[in-house]
Amino acid sequence: MKLLDAAGAILVEVSVPLHVTELTRRMIEQGLWQPQGKTPVDSVRSALAVDISERGLLSRFERVHKGTFGLRSREVTPSFVDPQPVITDSTFLSSESAPDTPSLINTAKLLSFTDAAEHVLERFGKDQPLHYRDITERALGLGLITTQGKTPEATMYAQILVENGRRAKRGEAARFIQYGKGLIGLAKGARPDLADLIDTHNANTRKRLHDHL
């Protein structure tokens with residue numbers, strides 16, 4: 001995942017601005033971005049500053065304080081998320097449009113990225129989390145999703161984070177659980193004690209972050 005996309009995914013996940021040091025740490029720990037140099041914090045700070053300077057109000061980021069960045073407040077789909085396909089009852093992959101495609105895909109109905117992730121986790125997860133790259137690969141292999149983007153795995157991860165954030169804001173139960181390091185599981189398949197531990201951990205993390213800010 002590109003640096004700016006990784007930063008955007010983390011900021012969507014936490015829903016609050018982060019200091020560049022904490023933002024960089026999360027990007028690396030979750031496997032969203034691999035630094036090439038010896039000063040990753042400086043690389044992230046510079047990339048965000050350049051994006052804001054060059055794109056102005058069109059940038060998805062904003063500097064809220066010295067060294068602290070957040071997502072620009074606007075009710076639009078983040079630019080790093082591919083638009084999900086519009087689904088109708090007649091939206092199918094036909095054998096005529098894809099003659100070389102296996103028959104399993106020919107009859108598969110296109111799904112949104114998040115619905116495809118749920119399907120893959122139900123079929124292959126067996127109540128265990130899968131990495132978002134594995135989820136994306138299986139969803140593409142089954143013909144459940146289609147995208148013209150070059151990084152469908154980044155789109156998959158971002159869509160899951162966006163949905164979790166939206167459901168949390170509405171007070172709704174999340175479909176997915178984030179286990180860290182890119183691992184995603186289904187909330188309905190998690191053990192109650194494990195789900196409670198994750199909620200407690202996330203709540204404590206948010207409290208420490210708010211106290212720090």
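Author: The largest nonpolar core has 41 residues. A nonpolar core here is a set of buried Ala, Val, Leu, Ile, Met, Phe, Trp, Tyr and Cys residues joined through side-chain atoms within 4.5 Å. Buried means under 20% relative accessible area, with a 1.4 Å probe and protein chains only. The residues with the most contacts inside the core are Leu23, Met27, Val44, Ile135, Met156 and Ile184. Two or more core residues come from each of helix H1 (3–14), H2, helix H3 (40–55), helix H5 (113–125), helix H6 (132–141), helix H7 (152–170) and strand E6 (183–186). H1 gives the largest share, eight residues. Helices (H or I, at least four residues) and strands (E, at least two) are DSSP runs, numbered from the N terminus.

This is a predicted model: local features need pLDDT of at least 70, side-chain atom pairs count only at pLDDT 80 or more, and totals for chains, interfaces and linings use all residues. Residues are numbered from 1 along each chain as its sequence is written, and side-chain values use heavy atoms, leaving out hydrogens and water.

Start with Leu23. Leaving aside residues up to four places away in sequence, Leu23 touches Ala7, Ile10, Leu11, Leu18, Val44 and Leu48. Contact means heavy atoms within 4.5 Å. Arginine 26 lies in helix H2 (residues 20–29). Arginine 26 counts as buried because its relative accessibility is 11%.

Next, H1 against H3. Leu3, Leu4 and Ala7 in H1 meet Ser43, Val44, Ala47, Leu48 and Asp51 in H3. The axes of the two helices come within 10 Å and cross at roughly 90°. Axes are lines fitted to C-alpha atoms, for helices over the stretch in contact, and angles run from 0 to 180 degrees between N-to-C directions. H1 and H3 are therefore roughly perpendicular, a label for angles of 65 to 115 degrees.

Now the sheet. Three strands form an open sheet in the order E4-E6-E5, with antiparallel pairing. Strands pair if DSSP finds at least two bridges between them. Strand E4 (130–131) and strand E5 (176–180) are the edges, each pairing on one side only. H5 packs on the sheet and touches E4, E5 and E6; its direction makes about 80° with that of E6. H7 also packs there, touching E5 and E6, and its direction makes about 120° with that of E5. Glycine 171 follows H7, with a positive phi near 75°.

Key: Buried < 20%, exposed > 50% of the residue type's maximum accessible area, 1.4 Å probe, protein only. Parallel < 35°, antiparallel > 145°, perpendicular 65-115°, else oblique.
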